[in-house]
Amino acid sequence: MDNNSSKSNKTPLPSEGAGGGLIVSLSPHAHGNDSVEADMFGVIFALLPALAVSFFYFGLGSAVVCLTSVAACVFFEWAINKYLLKNERNTIVDGSAALTGLLLGMNLPSNLPVWIIIIGALFAIGVGKMTFGGLGQNIFNPALVGRCALLVAFPAQMTSWPVPGQWMHYTDATTGATPLAVMKEAIKSGNVSVLEQLPDAFSLLLGGHAQGGGAGTIGEICGLALLAGMAFMLWRRIITWHIPVSIIATVFLVSSLLHLANPIYADPVTVILSGGLLLGAIFMATDYVTSPMTPKGQLVYGVCIGLLTLIIRNWGSYPEGMSFAILIMNAFTPLINNYAKPTRFGEPTP
């Protein structure tokens with residue numbers, strides 16, 4: 001009897017479907033409506049308030065950067081899957097490439113030229129994601145891989161921050177100093193009076209500070225919009241509180257101690273609401289693939305990100321340290337998972 005006839009005469013086992021696929025497993029069984037697509041598009045929906053505020057402040061520049069980034073990331077994932085990996089499965093429909101593109105765009109200045117954005121998207125998808133095998137196998141956050149690659153390759157363009165309100169300006173927008181740059185100057189000079197240039201916390205929360213100088217990246221302009229996105233994701237159980245709260249609490253505690261010890265360090269509320277800390281803590285550090293699995297591990301992960309962010313901000317070369325801190329801790333995630341292992345069920349207790 002040949003192989004074809006033996007396959008055709010095979011009777012499926014009770015635990016197999018007609019196609020031979022396993023449909024029954026041992027208990028316990030978990031039931032839910034969660035899926036990769038639902039989570040990806042849920043995060044995109046949570047980003048919409050911050051995206052809308054960025055359109056209001058940056059106009060054309062924000063639209064060009066974000067749309068270019070999303071389109072380029074989706075294209076590169078499709079092209080790499082089809083022509084390099086020879087994968088017939090269409091992975092762009094799960095929303096992960098679009099989310100990577102949106103997060104990358106929101107981590108860029110609103111005057112960045114299109115060709116630089118495309119290079120960043122290629123790094124994000126090609127190096128940060130597909131090199132490791134695609135969604136679920138990457139060890140670093142892809143959007144941050146793209147951002148940091150551009151920051152190293154194009155430091156001048158990546159640290160040029162447009163002053164909002166120039167709605168129809170794109171690459172020719174007037175730039176200014178960001179709150180993080182002011183903090184850095186106060187630390188370098190040792191002159192506490194420099195901090196008088198900082199906007200108040202209410203302005204940082206609503207985005208009104210942007211009218212007085214450079215506002216930073218597209219996604220960091222309004223703290224309230226980012227917190228609204230966090231509330232939505234917590235309500236939908238897309239994320240848990242452990243990582244964002246541990247990052248914010250660590251930054252608040254340590255920056256409070258620094259401010260009390262020496263007033264050249266800004267107050268903790270200003271530190272939290274400035275730069276990309278909220279964007280990173282809520283939307284980047286909470287990435288399922290690159291963050292620890294257990295609540296205990298997530299708390300350790302968040303505390304370390306908070307500490308590293310402050311170390312880089314206060315004593316490093318760059319005014320912002322959130323992206324580097326998350327990528328560093330992405331590398332430590334396997335060790336944290338080994339330290340904080342999930343509870344095993346069904347084993348005898350001593």
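Is threonine 68 buried or exposed? Let me start there. Keep in mind that this is a predicted model.

Threonine 68 sits in helix 3. Its relative accessible area is 17%. Buried means under 20%, so threonine 68 counts as buried. Now its surroundings. The side chain of threonine 68 reaches the backbone oxygen of valine 64, at 2.6 Å. Setting aside neighbours within four places in sequence, threonine 68 is in contact with Val114, Ile117 and Ile118.

Next, helix 4. This one covers residues 96-106. How many of its residues are buried? The count is 11 of 11, so helix 4 is largely enclosed by the rest of the structure. Among those buried residues are Ser96, Thr100, Gly101 and Gly105, along with Leu102, Leu104 and Met106. What covers them? The cover includes helix 2 (36-58), helix 3 (60-84) and helix 5 (114-127). Helix 6 and helix 13 (277-284) are also part of that cover.

On to the cavities. There are four of 30 Å³ or more. I will take two.

The largest cavity has a volume of about 290 Å³. Its lining has 21 residues. Nearest the centre lie Met40, Leu99, Leu103, Asp287 and Tyr288. Leu99 and Leu103 are also on the list of buried residues of helix 4. Which helix gives the largest share of this lining? That is helix 4, with four residues. Helix 2, helix 6 and helix 13 each supply at least two. By class, the lining of the largest cavity splits into 14 nonpolar, five polar and two charged residues.

The second largest cavity has a volume of about 140 Å³. Its lining has 15 residues. Met183, Ile187, Val271, Arg313 and Asn314 lie nearest its centre. Helix 8 gives the most here, four residues. Helix 11 (242-261) and helix 14 (295-315) each bring at least two. The classes are 11 nonpolar, two polar and two charged.

Last item: the largest pocket. Its volume is about 260 Å³. The pocket is lined by 21 residues. Which of them lie nearest the centre? Those are Trp161, Thr178, Leu180, Pro319 and Glu320. Helix 8 (179-189) and helix 6 (142-153) each supply at least two lining residues. Helix 8 has the largest share, with three. The lining of the pocket divides into 11 nonpolar, seven polar and three charged residues.

To recap on helix 8: it gives the most to the lining of the second largest cavity, and it also has the largest share of the lining of the largest pocket.

Key:
Residues numbered from 1 in each chain as written. Predicted model: local features only at pLDDT ≥ 70, side-chain atom pairs only at ≥ 80, totals over all residues. Heavy atoms only, no water. 1 Å grid on protein atoms, 1.4 Å probe; cavity = no way out; pocket = protein on both sides within 12 Å on 5 of 7 lines; lining within 4 Å. Points joined across faces, edges and corners; volume = space filled by probe spheres on them. Nonpolar A, V, L, I, M, F, W, Y, C, P; charged D, E, K, R; others polar. Buried < 20%, exposed > 50% of the residue type's maximum accessible area, 1.4 Å probe, protein only. Contact = heavy atoms within 4.5 Å. Polar contact = N/O pair within 3.5 Å; in protein donor to acceptor, adjacent residues only side chain to side chain.
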